[in-house]
Amino acid sequence: MTREYIWEVKIKNTPLLKRKCNRCTNDDFICSEKFRMNAQKKNIDVWLIYRCVKCDSTYNLTLFSRTKPELIQKDLFHKFSENNTEAAWQYAFSQEAKRKNNVEFDFGSVEYDLLHDNFSTEDVLGFESEIIQFRIKYPFDFNLKLSAVIRAALNISANKLNQLIEAEAFSVNGKYLEKKHKVRNGDIICLYRDKLKL
């Protein structure tokens, strides 16, 4: 018998973009959550606008360059026109946009809350289920380590987590957990109750 719980990573902000400001000495830019569109004959350019956190000068992150409008999905084109926040966040976390523009995102600047049921590994020992399953909701990827999520959700120390990893108390998507594992949306973590008795 398996019990399943949800661990949801609620992100509070988009990552800062690292680049030298042309106007001041700062190198941090914040996403404005607004798009800029410019039509040239039959082509269109689309950018996501960033602002220097110090002097408010702008940097445009290229999303589409000299692209025919019909090649952009209609709903996405509409989102650009409406400055849709969700679309802005998708591009603000996009590894492809980062690579295409040759810029660096400061994922360490991302703050988040972890929504989870509040119980500890000691509580789990009292459960009837042999396997306790956790499904992760993680809509935006910012290189979060799964070990950080497990420690926060189960309120355990790094040392205790290392012991549990060595005891193969956790699996992720059917494979035993490794410390370096990065969170992916939809990850399924299994905790084996009998391995907690260390």
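These legends accompany close-up views of a predicted model.

**View 1. Five strands form an open sheet.**
The strand order is E5-E4-E3-E2-E6. Pairing is antiparallel. Strand E5 (58-67) and strand E6 (104-106) are the edge strands, and each pairs on one side only. From one strand to the next, the twist averages 40°. In general, strands of a sheet pair through backbone hydrogen bonds, either parallel or antiparallel.

**View 2. Strands E2 and E6 pair in the sheet.**
Three bridges join E2 and E6, in the antiparallel sense. Leu17 has Phe105 as its bridge partner in E6.

**View 3. Leu16 sits in strand E2.**
The strand spans residues 16-18. Leu16 counts as buried because its relative accessibility is 17%, and the cut-off for buried is under 20%. Beyond its neighbours within four places in sequence, Leu16 is in contact with Asp28, Phe29, Ile30, Val53, Glu104, Phe105, Asp106 and Ser109. Arg51 is 35 residues away along the chain. The C-alpha atoms of Leu16 and Arg51 are separated by 9.8 Å.

**View 4. Aromatic rings pair up in this model.**
The count comes to 16 aromatic pairs. One of them joins Trp89 and Phe93. This pair is tilted, with 6.1 Å centre to centre and 40° between the planes. Trp89 is buried, with a relative accessible area of 14%. Phe93 is buried too, at 5% relative accessibility.

**View 5. Phe105 and Phe107 form an edge-to-face pair.**
Their ring centres are 6.1 Å apart. The angle between the planes is 75°. Phe105 counts as buried at 4% relative accessibility. Phe107 counts as buried at 10%.

**View 6. Ring pairs link five residues into a cluster.**
The members are Tyr5, Trp7, Phe119, Phe127 and Phe134. Arg3 lies over the face of one member, Phe127. The distance from Arg3 to the centre of that ring is 4.4 Å.

**View 7. Lys100 lies over the face of Phe64.**
Lys100 is 5.9 Å from the ring centre of Phe64.

**View 8. Strand E11 pairs with E8 and with E9.**
E11 spans residues 188-192. Five bridges join E11 to strand E8 (residues 131-137). These two strands run antiparallel. Ile131 stands opposite Tyr192 in E11. Strand E9 (residues 170-172) pairs with E11 over three bridges, again in the antiparallel sense. Leu191 in E11 is the bridge partner of Phe170.

**View 9. Thr121 is buried in helix H4.**
The helix covers residues 121-124. The relative accessible area of Thr121 is 4%. That value makes Thr121 buried, because the cut-off is under 20%. Neighbours within four places in sequence aside, Thr121 is in contact with Leu154, Ile156, Leu164 and Leu196.

Key. Residues numbered from 1 in each chain as written. Predicted model: local features only at pLDDT ≥ 70, side-chain atom pairs only at ≥ 80, totals over all residues. Heavy atoms only, no water. Helix = DSSP H or I, 4+ residues; strand = E, 2+ residues; numbered from the N terminus. Buried < 20%, exposed > 50% of the residue type's maximum accessible area, 1.4 Å probe, protein only. Contact = heavy atoms within 4.5 Å. Pairing = 2+ DSSP bridges. Phe/Tyr/Trp six-rings, centres within 6.5 Å; stacked < 30°, edge-to-face > 60°. Lys NZ or Arg CZ within 6 Å of the ring centre and 35° of its normal. Axes fitted to C-alpha atoms, helices over the stretch in contact; angles between N-to-C directions.
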